[in-house]
Amino acid sequence: MDDLSRFCCHNFNCPDCGQRGLENLTVCGHFGKDNRIRLLYCRTCKARFSERKGTPLFNTKLSDEKSLSLLDHLREGCGVRQTRRLVGVHRDTVTRLARLAGDHAKTLHDERVAFSPSHR
Ligand SMILES: [Zn+2]
């Protein structure tokens with residue numbers, strides 16, 4: 001049985017949209033190279049979506065390991081050329097994934113910081 005507690009429905013018209021742990025999701029298939037990406041199904045609204053939807057890895061063809069390695073190198077301060085050489089990807093892949101991860105981190109930051117208690 002797949003652990004889907006970290007996932008939620010992404011359909012804005014669904015009453016369960018954005019809520020985790022409701023057990024409304026099931027795995028209805030796999031796709032991508034080697035069928036490694038799960039296709040999730042929401043029993044509430046009948047929507048299907050990639051387990052990567054809403055993440056920087058959505059629509060990327062890189063494996064999880066390679067994507068995370070690329071982001072680890074950038075986080076440790078490696079430049080685009082160093083990261084490209086060490087991970088073995090094209091430089092455009094490095095910049096594209098860096099931009100997507102940065103946008104994702106900014107959105108998460110804005111969402112979390114907006115609700116932080118004020119300091120006195
Ligand atoms: Zn739904």
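Hi everyone, let me start with one cysteine: C14 counts as buried, because its relative accessibility is 5%, under the 20% cut-off. C9 is buried too, with a relative accessibility of 1%. Please keep in mind that this is a predicted model.

So what do these cysteines do here?

Now, on to the charged side chains. How many salt bridges does the structure hold? There are six, and I'll walk you through some of them.

One joins R38 and D2, at 3.2 Å from N to O. R38 sits in strand 2, residues 37–42, while D2 is in the segment before strand 1, so this pair ties together parts that are 36 residues apart in sequence. R38 is buried at 13% relative accessibility, whereas D2 is partly exposed at 38%.

Another salt bridge pairs K106 with D110, at 2.8 Å from N to O. Both are in helix 3, residues 91–113, and they are four residues apart, so about one helical turn separates them. K106 is exposed, with a relative accessible area of 51%, and D110 is partly exposed at 38%. Elsewhere, salt bridges with shared partners link D2, R38 and E51 into one network.

Last one from me: E76 and R75 meet in a salt bridge at 3.6 Å, N to O, and both residues are exposed. Thanks, everyone!

Conventions:
Residues numbered from 1 in each chain as written. Predicted model: local features only at pLDDT ≥ 70, side-chain atom pairs only at ≥ 80, totals over all residues. Heavy atoms only, no water. Buried < 20%, exposed > 50% of the residue type's maximum accessible area, 1.4 Å probe, protein only. Salt bridge = Lys/Arg side-chain N within 4 Å of Asp/Glu carboxyl O. Helix = DSSP H or I, 4+ residues; strand = E, 2+ residues; numbered from the N terminus.
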